[in-house]
4 protein chains.
Amino acid sequence: MIENKRIGIWLIGVKGGVASTSVVGLLAFQRQLSDPIGIITEISPFSELPIPAWGDLVVGGHEIRRTSLVDEAELLVTESRTVERDMFEALREPLAEIDGRICKGTLYRSGDAIRELADWDVPEDATAADAIARIADDLRAFQENENLDQTIVINVSSTEPWVDPTCLPATWDELEATLGDKDCPLPPSSIYAIAAFQTGCSFINFTPSLGSLAEATRELAIRQQVCHAGRDGKTGETLMKSVLAPMFARRNLDVMSWVGHNIFGNMDGQILDDPANKATKVTSKDRLLGDILGYQPQTLVTIEYIKSLGDWKTAWDHIHFRGFLGATMSLQFTWQGCDSILAAPLVLDLVRLTTAARRRGCVGALDFLASFFKSPMEPDATGGTLSTVPPPFDEQFQILTEWASREINENNTD
Amino acid sequence: MIENKRIGIWLIGVKGGVASTSVVGLLAFQRQLSDPIGIITEISPFSELPIPAWGDLVVGGHEIRRTSLVDEAELLVTESRTVERDMFEALREPLAEIDGRICKGTLYRSGDAIRELADWDVPEDATAADAIARIADDLRAFQENENLDQTIVINVSSTEPWVDPTCLPATWDELEATLGDKDCPLPPSSIYAIAAFQTGCSFINFTPSLGSLAEATRELAIRQQVCHAGRDGKTGETLMKSVLAPMFARRNLDVMSWVGHNIFGNMDGQILDDPANKATKVTSKDRLLGDILGYQPQTLVTIEYIKSLGDWKTAWDHIHFRGFLGATMSLQFTWQGCDSILAAPLVLDLVRLTTAARRRGCVGALDFLASFFKSPMEPDATGGTLSTVPPPFDEQFQILTEWASREINENNTD
Amino acid sequence: MIENKRIGIWLIGVKGGVASTSVVGLLAFQRQLSDPIGIITEISPFSELPIPAWGDLVVGGHEIRRTSLVDEAELLVTESRTVERDMFEALREPLAEIDGRICKGTLYRSGDAIRELADWDVPEDATAADAIARIADDLRAFQENENLDQTIVINVSSTEPWVDPTCLPATWDELEATLGDKDCPLPPSSIYAIAAFQTGCSFINFTPSLGSLAEATRELAIRQQVCHAGRDGKTGETLMKSVLAPMFARRNLDVMSWVGHNIFGNMDGQILDDPANKATKVTSKDRLLGDILGYQPQTLVTIEYIKSLGDWKTAWDHIHFRGFLGATMSLQFTWQGCDSILAAPLVLDLVRLTTAARRRGCVGALDFLASFFKSPMEPDATGGTLSTVPPPFDEQFQILTEWASREINENNTD
Amino acid sequence: MIENKRIGIWLIGVKGGVASTSVVGLLAFQRQLSDPIGIITEISPFSELPIPAWGDLVVGGHEIRRTSLVDEAELLVTESRTVERDMFEALREPLAEIDGRICKGTLYRSGDAIRELADWDVPEDATAADAIARIADDLRAFQENENLDQTIVINVSSTEPWVDPTCLPATWDELEATLGDKDCPLPPSSIYAIAAFQTGCSFINFTPSLGSLAEATRELAIRQQVCHAGRDGKTGETLMKSVLAPMFARRNLDVMSWVGHNIFGNMDGQILDDPANKATKVTSKDRLLGDILGYQPQTLVTIEYIKSLGDWKTAWDHIHFRGFLGATMSLQFTWQGCDSILAAPLVLDLVRLTTAARRRGCVGALDFLASFFKSPMEPDATGGTLSTVPPPFDEQFQILTEWASREINENNTD
């Protein structure tokens, strides 16, 4: 029996496009103002898991920009035109209420591109340890004030410059010992992850940033008996790749080259115009073709900031392949989607599934959530049910379905 | 132990584009003139099944056009430019040898469009029974002359006008009793299937025509202890649909409309310009979206004959879908493939897999071959391992993989 | 000197998408609520012609549907999302004012598809003469009530079934004599044209319907000393054709086939789902390629109603061409435009240019407006400055520019 | 009267793809083995100019690679599959004959990317003066040996790193004085141009390299009474831009962004993978949008080397524009063309037109050839008929047509 049902969603980058769209959707679902299109926990078998009801979810978050969540949500009406004005007006009050729960994030080692966005008087954290302590205080206060059963911290902030996890100390004890050093290279996403784990929260990394990927932080999650998952929500072009590449492999067609050009104009795009940040993203998008095909075709991935497109991402992919007798053929696709609209339901599904997983006793990396991510986390060395995560989307989805079915069965017989 | 290893491939429409490409490929593989790109029985696990070697396959077939296989194969050099001249010249002699084994097909109830193509002095069969007897004689002679262990009859001829199988007698005894009637509505594809079954051959229907689909012919196959599979090779746009539609379903995205325009200029295209024949094809292409999505979006499928394109089929699909908060987005793709090049490896794989299936004792409808077909045959009422065939390509492919793995294991322990 | 400056715009189909968008734009321009993007009479040299100011234009019109212009304009906010709610609210009052000037149109020989739309209690006109008389009364009342200097009647109603103009009497006297016959085949578009001419109004046919095309009505226009122009606004795919085809011609590239598929879901689309109406439209779209290229490539034009697209028309064109040494190449384009948004500025430009033409003394067919139309009217047999209208868009536009420059020069020296 | 009719074509980069395709075409036309598709001097009015017959053209050239023209031409059969083997075999002998007339080019200041291609033992020219002298000797020998009336030197070699012409001495006397300096920055394309002018040849720059663009070389051309034209053949994506951008301008539609991605895999692509060389090319492709539209939209042009595509260039362009009431719409196109096939007829037309121009007494920059080039040369300061070259393709083509008509008229009355 679940006594205290209230679940916290703590969004890192809570005033950004993905977060504000997620929150608008959640508030709309709470008030029956919109059908839950795009939400898989509304359909079988996932709806039968011990997921929280929309009304049980409470939102807070960290942010580095001064703007209000109300104003950002209004941009969905006026800029990307994804939200009707009537719906926005109906949600103005609960949005303002969430604004009251937003805390100042950290810029420790965030990189120049992100730092330039910060127009709120965010505290300068001298060390990673300082930042973690401050963030952890915010998370504890949220949990206490709102009397929460669980909290899921979910990173939907801008992509950071890449930090190589193999350069970090391999164990938590060793990493912890360096947190007070001036040159500790942990980026904000990892700071939020550590603070989450230390305060008993689960952590989901929806971005390609480092987050909880390093061995030492994975160890901390298990020590703290919390869950985590990531990296990089699989929303558009990469989703298409993980769906189409298996088709070529299963027909033994020889993919010679796969070119993908992405253009869009939201704040993510601005941040990705910085080469350091873009490298993190492109790497996340580019690797899976070789994994699926079993050989590496020539690939090219570009991500370019085109202001006029706003949040509407257009991806053109050209796939050049050889078939029988060496004949060359091609497939092109143009994907025209709104990034935030594609990401927001995944955010809410991840919150619900992570809540259910923890209720079912899961601990550590939730490898069965791989279908949600471009670069899914490999299973924990011990205790995982999988030995490795297959890259095709359908196989990842089947793993999710099988996990859900198993948990539902066991839940029913508990 | 397999004593007599020679396997016959008997192609209905043996001088057409798919057949001539398949034969050129087979002859090239026999002489190591081309890598077997597109052939899945060359890769694990399928390569471990008891499949015939390329050198064990012997080709013959029925045809209604006077042209020679040599001349048709040369068109692959000069028209579609899919075959190099050097390769063609190296195969001229064995192609001519096959020409010597080609018999005259039947025009019984073939429809006007196909009848117009017939410039060979094909015998006029007064009844279906006459046609079946004549075709069966040809098949028996082929098997005896070539001393074959098994023969696979595979229909790669033009699409016929549709015949509704529910209008036919439900049992073989009832159907057999009508074969001598002047108005027996069986089309050529079914006549070839019956003749195949009666002479102990397996039958594969690579076209959307009726073939062995009717209950009565399914019964005959089981009586004769032979195998059959079909319908309509899944080569291009429909393959894409069966790969992409599950993505939308698994993300709970609402597909509002799916428009597919196909243009091409080969002989199939000419035949499909006849509305009666086109209806057979469009129906085969259009149904699976509702099956996969669980609801019927607005769909439109056109197939148009554009002479200049020859065998190079271009398909443009526009998918209009709604996501989170009802926002509308779109996916377009353009598929530019050579129909014969895409079909030919499936023909050879089907021949090999059917041979292996029969060697492993399979009888009746080979439901595990569903991934090869646009409209896969449902399992036989009794004896099948499946209760029904799922429409997503990945699930169909998994069924094939699991069947293969099981048979390989059992074969090894036999 | 222009004493009375007020100019009437009388829209046939005034509550339709093109009309309501045009009216919203006009009202917005009058109030400086929007920049005049897409309006060429705002830029040199056309802005220097004696065109009316936005504030001098007064709107009325005929309609067969009961809905209000206010409600139809609101659909631009909620359905096609082309108009912001704030702008709509600011225009609600003047829109309602126009609603007060809307008269009931005629269904005489309108065809079944259009008749089905008519939910207003439109009078049944027994003969074309009755209809003309009634329409003319409405036009006279409008001119008198509003004290207008000139009125431009502009047909933006749904496409009618085609009427062959060569089957009509060749002179006005002969045609007039048949107007009272029960079987006079004149469609509504011609009835409105005749009523316009008889009451001294100019007439612009923005649709592919017959309108003023017939010789007899052309004669009437000249007798009445009024202007007219048409047919079928060139807004999207055909505009592209008239721009791209000259490129191929000027490079002596051999266009082998040109396929154009159009999908959209507005009311026009519904009407065009009726084959009689669609034939009128397709003919208008298809002819110009042969005219531009000097030979007829294989062409295919489809227009299909896809409900989910609403007013957003998507056209995919595939052009297959041969170049040097016979090598085949291709160009594809996808045009995604909102039909009403593309049409509305042309409507307002045509009104302004026709007003200026008449002020400059032009009479009869305004052949220099060819660049606005898919099927531009040929010059009048006598008195025209052109012998014929060239089909390339750039040459048509140059004719317009030269006319404007000449008139501006002469106007300045008058 | 034209006594000696033989005309020389001297190709810089004579073994490259554009040159070998041009030569194969020319030889095929001389033998009536192919229709002259893509050649505008075969159609009116250009065919009426005093152009040379195919049989009067004699080919030679400079090259830095060891391969033979015969072998390069065979690649058109086996790689890009643009030439039939039968045609190639019929031309093998005359191709070998041309191989005998090919001289070693210069690598003076060619840049590293081009130098890497040079596997022939090309002489190292110590100064630009040395290179010019050597090249000029080759040109003189060609003219004498072949007894030529005129010779056109045409640069179809790989793109060089950019040299800013405004950094060069402004007059020929000043420039000439620096040619012996070790650090004279003239690139090979300018060396060939100067050698051409000094030996009485015309010069055409089909590449984006500097060539004859600088003021000092323009002056030399006039002094020597020869003709020249350039830069950068307008074959594909840029041709499309110069055709489509005027459409937006003439409809007063607001182009917000224009993204163009080009992928291809020929030797040009390899050279352009060097950033120094690519910059020269991208600049040439990118400027004209602002020139045509009158304002600068956001633009992005990429050119990427994708090996599998060979000479088949695929360009995807996405144009995002605003229309009436600010509504945003888009146009995408995919251009799939073979670069050499598109370029070769322009090369032959330029040779013929330049020959005719010189026969008609033209001297200096042939500004009326602008429609052939991405970055057409501005008219000479004195003596030109134009004050400037308009960027829309149709206006450029009209200039060409008017020039031709005028010369034909005057020729006929001479």
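**One residue, then two chains**

Modeller: D:Asp380 lies in the loop between strand E11 (364–365) and helix H14 (393–413) of chain D; helices (H or I, at least four residues) and strands (E, at least two) are DSSP runs, numbered from the N terminus. This is a predicted model in which local features need pLDDT of at least 70 and side-chain atom pairs pLDDT 80 or more, while totals for chains, interfaces and linings use all residues. Residues are numbered from 1 along each chain as its sequence is written, chains are lettered from A and ligands numbered from 1 in the order in which they are written, and side-chain values use heavy atoms, without hydrogens and water.

Biologist: Is D:Asp380 buried or exposed?

Modeller: Buried means under 20% relative accessible area, exposed over 50%, partly exposed in between (1.4 Å probe, protein chains only). D:Asp380 has 9% relative accessibility and therefore counts as buried.

Biologist: Which residues does D:Asp380 touch?

Modeller: Contact means heavy atoms within 4.5 Å. Leaving aside residues up to four places away in sequence, D:Asp380 touches D:Arg218, D:Ile222, D:Val363, D:Gly364 and D:Ala365.

Biologist: How are chain D and chain A related?

Modeller: Two copies of a chain are related by a rotation about an axis and a shift along it. Here a rotation of 180° with 0.0 Å of shift along its axis superposes chain D on chain A (RMSD 0.0 Å), by least squares on the C-alpha atoms of residues with pLDDT of at least 70 in both. The two copies are thus related as by a two-fold rotation axis.

Biologist: How many residues meet between the chains?

Modeller: In chain D, 22 residues are in contact with 22 residues of chain A.
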